[in-house]
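The following exercises concern the secondary structure and packing of one protein model. Please work through each task with the sequence and the coordinates at hand before reading its solution.

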Amino acid sequence: MRLSVIKSKLTEMLKEPNVDSFDELASFGPINDEKLISSFLKIDHRANDVNKQKLIKMMTESGFLLEGHFSLLSGMHSKYFLSFNNLARSTPRLHAVSELIADIIIDERIEVDAIIAPETAGSYLASVIGGILFKKGKKEVEMVYAKTDDDKKPTSIINYLGLKAGSKVLIVNDLVTTGAGIKELYNLSTKYGVTVQGFVMFATRKRLQDIPWPPNSGQFRFALVDGSALENHTYRSSDCPICKNEQTKPVPSMYLN
Ligand SMILES: [Zn+2]
């Protein structure tokens, strides 16, 4: 993220009652160490070794993993933050990660009539995946987007005409921290009588089996990157060691996505 963008976002934060000045906020920066990235971020076994290596390199070079002091949307504090925006800013990188995911959707023979994604960063991942599926011989996928509120929570479907009753729908998002966002997407989709085939994410901060999936919500649950190792560096705000030791205010993550 360019410094000017960060500064303008931080200026917005000054309007918040609990943030008085830039100086109180923790500084943060990208981790550019492949070994550290590999130790925190595990790539799905279905990607081959060459692609795994490429992905590690992309995550390292793009500043996908930030280090500092962050408050996550869940309210938890963490030393680390996953920035899909940093990765997806480059079109070749966005295309490469979308293709890795699309190939696995094809290999797993998941039928998709429509993809629903939130209007936030998940939307560009979703639309590139939809385009690649079509290019690789799958049928044209309807793209449907959900409006989100200030907390990035999906609230309503923007172009709902794309969601026809009986459609086979895949729910796509860039990152999943608690699972609350994708649950909202699921609830919005099922209002239209569709069949949810499953969930696809670029990365999660929890193990897939620890995410509270809506009951009967499809069998396919896939994240290209498992960032659950970051949970060891995630704390309740009341006992965050970074707050205690460094006495900095965490950077609200909603301004980084
Ligand atoms: Zn803290």
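The model is predicted: local features need pLDDT of at least 70, side-chain atom pairs count only at pLDDT 80 or more, and totals for chains, interfaces and linings use all residues. Residues are numbered from 1 along each chain as its sequence is written.

**Exercise 1. Strand β3 and its partners**

Task: Determine which strands pair with β3, and in which sense.

Solution. Step 1: Locate the strand. Helices (H or I, at least four residues) and strands (E, at least two) are DSSP runs numbered from the N terminus, and β3 comprises residues 65–71. Six of its seven residues are buried; a residue is buried if 20 or more other C-beta atoms lie within 10 Å of its own, exposed if 12 or fewer, and partly exposed in between, with C-beta atoms placed from the backbone.

Step 1: Apply the pairing criterion, under which two strands pair if DSSP finds at least two bridges between them. Strand β1 (residues 29–30) is antiparallel to β3 over two bridges, with P30 bridged to L66. Strand β4 (residues 77–82) is likewise antiparallel to β3, over five bridges, and E67 faces Y80 there. By contrast, β12 (residues 251–252) runs parallel to β3 and is joined by two bridges; F70 has V251 as its bridge partner.

Step 2: Inspect the hairpin of β3 and β4. Five residues lie between the strands, and G75 adopts a positive phi near 95°.

**Exercise 2. The packing of α3 on α5**

Task: Describe how helix α3 and helix α5 cross, and which residues make the contact.

Solution. Step 1: Two packed helices are described by the angle between their axes and the distance between the axes. Axes are lines fitted to C-alpha atoms, for helices over the stretch in contact, and angles run from 0 to 180 degrees between N-to-C directions. The axes of α3 (residues 49–62) and α5 (residues 91–107) come within 11 Å and cross at roughly 145°.

Step 1: List the contact residues, taking two residues as in contact if their C-beta atoms, placed from the backbone, lie within 7 Å. From α3 these are N51, K54, L55, M58 and S62, and from α5 they are R93, A96, V97 and L100.

Step 2: Classify them. Ala, Val, Leu, Ile, Met, Phe, Trp, Tyr, Cys and Pro count as nonpolar, Asp, Glu, Lys and Arg as charged, and the others, Gly among them, as polar. The contact then has five nonpolar, two polar and two charged residues.
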